[in-house]
Amino acid sequence: MTIFSKIIKGDIPCYKIAETENCFAFLDINPMVRGHVLVIPKREVDYLFDLPDSELADLQLFAKRIAIAQKKAIPCQRVGQAVLGMEVPHAHIHLIPMQSEKDMLFSNPKLKLTEQEFLEIAESVRKNL
Ligand code: AMP
């Protein structure tokens, strides 16, 4: 079972943003910026583009809903989307509130946030869903 499946199951804690029957969203624990969210299918598939069309479309539409809420909750120019999957073999979309394109550089040092900051960010995104 992947670490993300354990998060969905509730065996590993996360800062949850939202879920549907087939999708789940939570804060990235090593955020590039405040409000960095991961959107994942509940079904354990390693590579995003191995998802059947209908599941990929469902996930992307779910990501759109989250990105709209992030844009309202987090001061940013727009929300960028990225797919890497080099670390966790469970398909996921990164949604990153950007002030500039530099915010999308995955080689940047990651933010260190307190538990309280994570909780407040998650709450503010959730409130804007
Ligand atoms: P990648 O597979 O290269 O797209 O990167 C995986 C992402 O998952 C990284 O940004 C990690 O910070 C994030 N990540 C790994 N474990 C957790 C976790 N337990 N909770 C939240 N985010 C995680």
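Which residues form one aromatic cluster? Phe 4, Phe 24 and Phe 26 do. This is a predicted model, in which local features need pLDDT of at least 70 and side-chain atom pairs count only at pLDDT 80 or more, while totals for chains, interfaces and linings use all residues. Residues are numbered from 1 along each chain as its sequence is written, and side-chain values use heavy atoms, with hydrogens and water left out.

**Aromatic pairs**

- Rings of Phe, Tyr and Trp (its six-membered ring) pair if their centres lie within 6.5 Å; planes under 30 degrees apart count as stacked, over 60 as edge-to-face and the rest as tilted.
- The count by this rule is 4 aromatic pairs.
- Phe 4 and Phe 26 make an edge-to-face pair, at 5.3 Å centre to centre and 75 degrees between the planes.
- Phe 4 belongs to helix H1 (residues 3–9) and Phe 26 to strand S2, so their pair ties together parts that are 22 residues apart in sequence; helices (H or I, at least four residues) and strands (E, at least two) are DSSP runs, numbered from the N terminus.
- The pair of Phe 24 and Phe 26 is tilted, because the ring centres are 6.0 Å apart and the planes stand at 55 degrees.
- Phe 24 counts as buried at 2% relative accessibility, and Phe 26 is buried with a relative accessible area of 3%; buried means under 20% relative accessible area, exposed over 50%, partly exposed in between (1.4 Å probe, protein chains only).

**Nonpolar cores**

- A nonpolar core is a set of buried Ala, Val, Leu, Ile, Met, Phe, Trp, Tyr and Cys residues joined through side-chain atoms within 4.5 Å.
- The largest has 26 residues, of which Ile 17, Leu 27, Val 37, Val 39, Ile 66 and Leu 95 touch the most other members.
- Two or more residues of this core come from each of strands S1 (16–19), S2 (23–27), S3 (37–41) and S5 (93–98), and from each of helices H2 (53–73) and H3 (115–127).
- H2 gives the largest share of this core, 6 residues.
- Another core, of 7 residues, lies apart from it and includes Phe 4, Phe 24, Ile 40 and Val 88.
- Beyond neighbours within four places in sequence, Val 39 is in contact (heavy atoms within 4.5 Å) with residues including Phe 24, Leu 59, Phe 62, Ile 66 and Leu 95.

**Tyr 47**

- Tyr 47 is located in the loop between S3 and H2.
- Tyr 47 is partly exposed, because its relative accessible area is 47%.
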